[in-house]
Amino acid sequence: MYNTINMDIKDIILKMKQNKKKINIKLIMNAYNLANQKHGKQFRKSGEPYIIHPLNVAYILADIGLDEATICAALLHDVVEDTDVTSEDIKKEFGEEIADMVAGVTKLGTIKFISAEEQQVENYRKMFLAMGKDIRVILIKLADRLHNMRTLKHLTREKQIRISSETMDLYAPLANRLGLYSLKWELEDLAFKYLYPEEYHELVDGIDKKREERLQFIEKIMDDIRVQLKKNRIDAEVTGRAKHLYSIYRKMKRDNKTLDQIYDLFALRILVNSVKDCYAALGVVHEMYNPMPGRFKDYIAVPKPNMYQSIHTTLLGEKGTPFEVQIRTWDMHRIAEYGIAAHWAYKEANYFGRGKQVVKVGEDKLAWLRETLEWQKEIADPQEFLNTLKTELFEDEVYVFTPKGEIKVLPRNATPIDFAYSIHAEIGHHMVGCKINSKMMPIITPLQSGDIIEILTSDKSKGPSRDWLKFVKSTSAKNKILNWFKKAEKAQNIEKGKDLIDKELKRIGFSHTELFRQEYIDPMLDKYKYKNIDEMYSAVGFGANSPVKIIARMLQEYRKEHEEINIEQKIEELAKARKNKPKPSSSGIIVKGIDNCLVKLSKCCNPLPGDDIVGYITKGRGVSVHRKDCVNVKDLLTEEDRMIDVEWYNEQKTSYQADIEINSNDRSGLLVDILKEIGKTKAKIMGVNTKTTKERIAVIDVTLEVESLEELNKVQKALRKVDSVYEVRRKK
């Protein structure tokens, strides 16, 4: 890893010259000078001048062979967000191509969202849309994230965990999907370092202890292979490399092994000049060593969707010690390291002239990205979007065949239903059965790599079953099934959606005519990308969006018009309220319209003062009070006539019990530090229960007595600062 502090624009130009004969130095210097001037007085958390960051991002991209336009966009990627430079300024100075890339990378900082989660989802949506226009945008984003990970030590522990989790969940898998293995490995190892610091350092120390012994073992094998390849007149370079830390850790966890039981810590790589030589070299090593059964993969004959090609085989050395060998051509090696960047579709012949072709998503090699762009428009719920995105990015796949020999790549554990929809939506809709390897099988059978699938269809089929949604693994199949039901049940969904909206309006005390005005409706339709109000009702009725979110967006517009408050009327209302002070129950709850009512705080959600609450009239046991987000409230809402408005009584001091769960990397003294931190607050500890998982994750359940939600939040905030603690949450 290079020194990030001493990076200079000369290093970037020198690196570009190694990859290209001609480069537009003037253009790059203009971008650097503007970035240096505008970031001049800004500093990073590390104390470094801010310009160090864009310089390092540009160097990472220069190292993988990107063009001048991308390097310029990398140098300028933060100026629009962090300085007074506008997108128009960049367009005027550097052209539309570079301006569009900078705009694609710039974060969303000005739009207001209902939740932080929704804001993060919008950032991802924008990122994927920008990728659809120009794939280089995501390469800048990945380089930006890599340099931020390299300098993560200067941030707080809480930020280190949040950024590392996001890197492990989204950015490393995305680099993997694009074939950028050189970036993927480093992103994973850095995230691993901050998410599991103890395991990371234990692994580093353990590998260092036996490094010499293992190097001697691998050096002897490499020398023997070189001799045999030369005898067979195969021109090849044989190299060895240590496996990456996170991949070793993941293997230890997966196979439940210690480091001493993991032998293939080093992998051999044989680089040759042609595909023919790849198979010839494979024959040589298989003659020299016995291959391990089931550990041979030919990604040359069946390339991965991210363009990766190589032969992988695991062999048994002296004393039965296994080691891995990867065989590929030099061209395959460059693609293996730099993926889509190595497959650059930019027109070199027209390098300095006009009419450059922006690299768009059009090749079959990026079909997964095209699908992502399609389904991301369909999903309105932020959590569903994030879950689907993570599923799509992780490359656990099976390779299956049509009866004609065409390869289809599907998610692991995919079924013949997924296969049918990967061919065509109509094939899926009319599917009635399937054959796997010429044998009739259930349509929910998990597929294995190498299976030959034949789909049986019938024109008499009434369409897909809702049960299929429980078994399909691919987002594409799921969306095609959902769209079929949307169209087939649109009329019923519209009526159901209207009913759900009206119930929610009634619950919050609004009339339909009061809120459903065109000036409130239009921004809501625009936000959720609905063509008209019927489409919105249909989505709510179908369950693709919730009435709460629809109404929340319209209420934002409603409040803008109703900010003016009649002060005299407010004073009069307050005076009346003082004369007729309601009597709270012993639990500190006011039941609107009823005095001296028996009230119980529900144990299923343990509401605290400050929580939004709702009352339910029980049979013979008074009113039970639940948090509005309680899992049981949804069922209670079906009995609307038994729901009643309740509120907290502010003047009464009462104690309440609350349960919290603390997740932490286990260490000595952890419980003492946690109890000490709680002792600094007003909360009383009523009970503690601890357990430690096999992965050495400590799970600590604490029951507290607190006076309010605010007090509980203070306790949680204090606990998050305890060393090794990475999550504190209130139990429902």
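Modeller: The accessible surface of the protein comes to about 38,700 Å², and carbon and sulfur atoms account for 49% of that area. Accessible areas come from the Shrake-Rupley method with a 1.4 Å probe, and for residues only the protein chains shown count as cover. The model is predicted, so local features need pLDDT of at least 70 and side-chain atom pairs count only at pLDDT 80 or more, while totals for chains, interfaces and linings use all residues. Residues are numbered from 1 along each chain as its sequence is written, and side-chain values use heavy atoms, with hydrogens and water left out.

Of the 732 residues in the protein, 48% are buried; buried means under 20% relative accessible area, exposed means over 50%, and partly exposed lies in between (1.4 Å probe, protein chains only). Among contacts between residues at least 6 apart in sequence, 67% join residues at least 24 apart, a contact being heavy atoms within 4.5 Å. The protein has 30 helices and 20 strands. These are DSSP runs numbered from the N terminus: helices are H or I with at least four residues, and strands are E with at least two.

Two strands pair if DSSP finds at least two bridges between them. Strand E17 (residues 656-665) is joined to E20 by 5 bridges, and the two run antiparallel. Asn 663 has Glu 727 in E20 as its bridge partner.

Ile 685 lies in strand E18, and its relative accessibility of 37% makes it partly exposed.

A salt-bridge network links Arg 667, Asp 673 and Asp 723; a salt bridge is a side-chain nitrogen of Lys or Arg within 4 Å of a carboxyl oxygen of Asp or Glu. The whole structure holds 15 salt bridges. In one of them, the side chains of Glu 186 and Arg 150 meet at 2.7 Å, N to O. This pair links distant parts of the chain, since Glu 186 is in helix H11 (residues 181-195) and Arg 150 is in helix H9 (residues 136-150), 36 residues apart. Glu 186 is buried at 18% relative accessibility, and Arg 150 is buried at 15%.

Asp 223 and Arg 226 meet in another salt bridge, at 2.9 Å from N to O. Both lie in helix H13 (residues 211-231), 3 residues apart, which is about one turn of the helix. Asp 223 is partly exposed at 41% relative accessibility, as is Arg 226 at 33%.

Elsewhere, strands E8 (residues 431-436) and E10 (residues 453-457) pair in the antiparallel sense over 5 bridges, with Ile 436 opposite Ile 453 in E10. E8 also pairs antiparallel with strand E9 (residues 439-441), over 3 bridges, and Cys 434 stands opposite Met 441 in E9. E8 and E9 form a hairpin with 2 residues between them, and Asn 437 in the turn has a positive phi of about 55°. Ile 453 is also among the residues touched by Thr 402, which include Lys 408, Phe 419 and Ile 452, not counting residues up to four places away in sequence. Thr 402 sits in the loop between strand E6 (397-401) and strand E7 (407-411), and is buried with a relative accessible area of 10%.
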